[in-house]
Amino acid sequence: MNLCNISNFYLIIAEKSKAAKKIAEALSNKPVLCRKYGVNYWVLNINKIEYYVVVPAAGHLFGLEGNSGFPIYDAEWKPLWLIDKSAYYTKKYYQLISALSRRAIGFINACDYDIEGSVIGYLIIKYLGDIRKAKRMKFSTLTKYDIVNSFRNMGSLDYNMINAGISRHKIDWLWGINISRALMKALQDSVNKKVILSAGRVQSPTLVKVVNSEIERNLYIPFPKFSVSIKLKFNDHLIDVNLNKEFEKISDAQSFLNKLINKKVRVNYIESKVKTIERPPPFNLTDLQVEAGRLYGISPYNVERIAEDLYLDGLISYPRTNSQKIPSTVNIYDIVNNLEKGYYKDLIYILNKITNRNYIVKQGAKEDPAHPAIYPTGEMPKGLSGNKRKIYDLIVRRFLASLSKDAKLVTISYWINVIDFPLNFTISYNRIIERNWLDIYPYHSFKEDEIIRLFKNEEGVIVSGKIKTILSKPSNRYTKVSLLKWMEASGLGTEATRGRIIEILIKRKYLRVNGKYLVPTKLGLYVAEILSKFFPDIVDIKMTADMENKLEMIKMGKLTQEEVIKYNIERLNKFIEEYKFNKNEIGLSLAKALGFVKYNKCKYCELESYRGDLCTYHYLAKQKLLESIRIWRERTNYEDKEIIERIGKSKSVGKYIKDILAELIDDESHAKQKK
């Protein structure tokens, strides 16, 4: 009997080929490997009665497509290989599942248990099989135990998750296709040029955030404040102390310091406190992306892809999770025992000395109803190297650290007052007295101080001091990691989409990578300006976060798909009506950004001149600089020449300001030459 040609079987649909193989091997000791259209699938005989076929998809096999008009509200689900040339490879998976579905008597969605996995399996079964005969497997790891348990406890399809996922696809499609076509149509009608442009519900506010941050930095002027540091002498000890006191004027700081020199000080009080350094919870995806970016410079998108590979290899639990909790159903002891047999033997020896094998997971605050936090399954890795090895090691160490005990730190503080002067301050030293989890997860910043011993009522003297100029600093530029953190905090996107959206902004040439930082391009700057000016709703994070909340309510069964899509169409109609009045201006702005139309340029940059020979930003920079010089003069009593030099030397000064500064310096130089 050729099992590859059998009929009357149950078709199990996995999301990827690796997952299909894991499922087949978990459910049967002797799965029969078959191949058709160049794709492997497996036939199983379970209980010598029923036959099952495990077949892989390749992620999404269906996508939304509408007509070529604008505006557009209707779309159909169509095979992805027919509507997207880059997805042509999915055709063979589509053909295989289509052929197998005709002989199947039932269907099981065994795709990843998340919104996307629920949608992938549902659409395949709906369009190629029979949705009335469908079941759902739900698992968080590709271990034999989890797969078998999921198979034995199959339930009905998770329609709330399916509806939430389909709603997300339709809403993102509606906003993305309409705004993108609006931009492209405006450009084409203006200069008869076709250029691929994109915008979206999550993509657009993310772009605007980076652009606004960069403009703010480029217009930044540091302002001075002044702090006082003193040197104390206690017997043979010299102690440097930075006083927690700032002055806006240098004259006030100097006057304060003059009064302190040679003053006696006394130790009034000594306090010793033991503080707990709490061990971290296990990773969720965002935590893992942030930590891998901080330590190794791996982009969030690549961290997600590596983590997915580790999951498909059966080495970790499902990574696209928001949870920082591990439930009691996960057998912690089995995982640790299995890890102990391999590379992590020495680390687990340390863990067991700390805990005496009494493992209590540090549960974090965040939860995910679908999956626990990321944890190693205990299966032995083979041949891991490079970034894959680093990510796996991070996950294991973080998991083991969460099972350890909190560290303890003793802080010794000396409360000191200046005799006959109204000033008190504290000197503190830290010493770690119980390291515990710090020895398991060494990627921390806790350091010990060399403690100087002082005694109550001991007296010393202030022997010297100095004034430090503190220049204010702008906010940091965004990196891929910090932008991902901002997206999460703002409720934009999901664990599965944020990293990809950042990469799309780079691919569309709205952003470029400069070292580790994200910098807007000229096109990105113009697109962000256009979206902010003409479509403020689409860049409003409140609107996007509200939409995420509505999608979550669909998942909980509190809103219907129809209600949320209707709401979005109403918002889109408002946007389209406003667009009609501004289309010509939008098209002209895009044409200038892309170099299709000539215009008077700013003498410092490629942007259009606003007043005279300055663009909007350089004009604003000139106004800010002149006002800032006045403020510097009041605070420092410096001459304008010295102020300009000091501002110019600061690493914090913005690019637009530097350009104007250069002009002021040249003017000063020419004035000198004339004299």
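UniProt positions are given in the numbering used here, feature names are shortened, and annotations may be inferred rather than shown by experiment. On that basis, an unreviewed UniProt entry places the feature "domain: Topo IA-type catalytic" at residues 158-576, and UniProt also places "domain: Toprim" (unreviewed entry) at residues 9-143. The structure is a predicted model, in which local features need pLDDT of at least 70 and side-chain atom pairs count only at pLDDT 80 or more, whereas totals for chains, interfaces and linings use all residues. Residues are numbered from 1 along each chain as its sequence is written, and side-chain values use heavy atoms, with hydrogens and water left out.

The protein chain holds 21 helices and 16 strands; helices (H or I, at least four residues) and strands (E, at least two) are DSSP runs, numbered from the N terminus. Its C-alpha trace spans about 100 × 75 × 45 Å along the principal axes. Of the 675 residues, 51% count as buried, where buried means under 20% relative accessible area, exposed over 50%, and partly exposed in between (1.4 Å probe, protein chains only). Residues 158-576 are 45% helix and 19% strand, with end C-alpha atoms 35 Å apart. For residues 9-143 the content is 30% helix and 32% strand, and the end C-alpha atoms are 24 Å apart.

Strand S3 (residues 39-46) pairs with two other strands, S2 and S4; pairing requires that DSSP find at least two bridges between two strands. S2 (residues 32-36) runs antiparallel to S3 and is joined to S3 by five bridges, with Arg-35 opposite Asn-40. Two residues separate these strands in a hairpin, and Tyr-37 in the turn has a positive phi of about 55 degrees. S4 (residues 50-56) is likewise antiparallel to S3, again through five bridges, and Tyr-51 of S4 stands opposite Asn-45. The hairpin of S3 and S4 has three residues between the strands, and Asn-47 there takes a positive phi near 60 degrees. Because six of its eight residues are buried, S3 is largely enclosed by the rest of the structure.

Two helices were compared with their expected span, which is 1.5 Å times one less than the number of residues. Helix H13 (residues 386-403) has 18 residues and should span 26 Å, which agrees with the 26 Å between its end C-alpha atoms. H13 is mostly covered, with 13 of its 18 residues buried. Helix H19 (residues 616-636) contains 21 residues and reaches 30 Å from first to last C-alpha, close to the expected 30 Å. Its buried residues are Tyr-617, His-618, Ala-621, Leu-625, Ser-628, Ile-629, Trp-632, Arg-635 and Thr-636. They cover an arc of only 130 degrees around the axis, so they lie on the same side of H19; the arc is that of the directions from the helix axis to the C-beta atoms. Just after H19, Asn-637 has a positive phi of about 65 degrees.

A search of the whole structure finds one cavity of 30 Å³ or more. On a 1 Å grid over the protein atoms alone, a cavity is a set of points where a 1.4 Å probe fits but cannot get out, and lining residues have an atom within 4 Å of a point. Grid points are joined across faces, edges and corners, and a volume is the space filled by probe spheres set on the points. The largest cavity has a volume of about 50 Å³. Its lining consists of Trp-175, Phe-535, Pro-536, Asp-537, Ile-538, Lys-574, Phe-575 and Glu-578. Helix H18 (residues 561-593) gives the most to this lining, with three residues.

Conventions: On a 1 Å grid over the protein atoms alone, a cavity is a set of points where a 1.4 Å probe fits but cannot get out, and a pocket is an open set with protein on both sides within 12 Å along at least five of seven lines; lining residues have an atom within 4 Å of a point.
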